Amino acid sequence: MNPREIAPRWKPSPLLLASGVVHLGAAAALIARPGLWPWALSALLANHAALAAAGLWPRSQLLGPNWTRLPAQGAAPGVAITIDDGPDPNVTPQVLALLDAERASATFFCIGERVLRYSDLAQEIVRRGHAIENHSQSHRHNFSLLGPRAMNAEVSAAQESIFRVTGSSPQFFRAPAGLRNPFLDAVLVRMKLRLASWTRRGFDTVSADADAVFRRLAGPLRAGDILLLHDGHAARTRRQ
Ligand SMILES: [Zn+2]
């Protein structure tokens, strides 16, 4: 079968559809009545402000589907522990030991370059029963400012790196710092990836106070919550 026939088709979110209408309307108004340019410009600026705000809000659904909780499936779902920015040679082994001790499994949103650099560690994550998902190839700080080609390159390179090292392809993508732009959703649909953000985060990249991080994550804990922690870029305690 031709893969093109089964490739999922991208459907723009209502906000993106409305943005298309605003752009077409502004263009039509300018052609019909050039004197309306201040109104057309205002509409375009307001529209771009709305798009930027939606991209800066990690849990928003305005730019496309976004998992902020686990879907309810018959039996009560558990809680998802997600751990970002690794693998890290100092922190990840300790995280794996803790998860083993609690008989818990977690989802690691790994950076593709780090998966290549610490391939043994990435393989160990999978060997111990955890999942590795896509957190972009190089975790660029300007990820949300990239155009469609560069964004596609960041996501697809990580997909390839993780497959090359672990033998399995991620199903989920999480944007660096959760920041996006309107190009991301179409990229993810083409690669059959679902966007996952979180219900709550521990802010463990800025706080080394484990009790404070735990309180942020655990209260009030409900079935289906997606919790965000870090093994890469984590704040270190003095003992580490
Ligand atoms: Zn990250």
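Helices and strands in these legends are DSSP runs, numbered from the N terminus. The model is predicted.

View 1. Asp 85 (OD), His 135 (NE2) and His 139 (NE2) are the protein donors, lying 2.1 Å from the zinc ion. Along the chain the donors follow the spacing D-x49-H-x3-H. Distant parts of the chain are linked by the pair Asp 85 and His 135, which are 50 residues apart. Asp 85 sits in the loop between β1 (80-84) and α4 (92-102), and His 135 in the loop between β3 (131-134) and α7 (148-166). Both Asp 85 and His 135 are buried.

View 2. Asn 66 is located in the loop between α3 (37-56) and β1. Its relative accessible area is 4%, so Asn 66 is buried, the cut-off being under 20%. The side chains of Asn 66 and Ser 197 are joined by a polar contact of 3.0 Å. Leaving aside neighbours within four places in sequence, the residues in contact with Asn 66 are Pro 58, Arg 59, Ser 60, Gln 61, Arg 180, Leu 195, Ala 196 and Ser 197.

**View 3. The packing of α4 with α6.** The axes of α4 and helix α6 (residues 119-127) are 11 Å apart and meet at an angle of about 10°. The two helices are therefore roughly parallel, a term that applies to angles under 35 degrees. On the α4 side the contact is made by Thr 92, Pro 93 and Leu 96; on the α6 side, by Leu 121, Glu 124 and Ile 125. By class, this contact has four nonpolar, one polar and one charged residues.

Key: Residues numbered from 1 in each chain as written. Predicted model: local features only at pLDDT ≥ 70, side-chain atom pairs only at ≥ 80, totals over all residues. Heavy atoms only, no water. Donors = N, O, S within 2.8 Å, 3.2 Å for Na, K, Ca; no water. Helix = DSSP H or I, 4+ residues; strand = E, 2+ residues; numbered from the N terminus. Buried < 20%, exposed > 50% of the residue type's maximum accessible area, 1.4 Å probe, protein only. Polar contact = N/O pair within 3.5 Å; in protein donor to acceptor, adjacent residues only side chain to side chain. Contact = heavy atoms within 4.5 Å. Axes fitted to C-alpha atoms, helices over the stretch in contact; angles between N-to-C directions. Parallel < 35°, antiparallel > 145°, perpendicular 65-115°, else oblique. Nonpolar A, V, L, I, M, F, W, Y, C, P; charged D, E, K, R; others polar.
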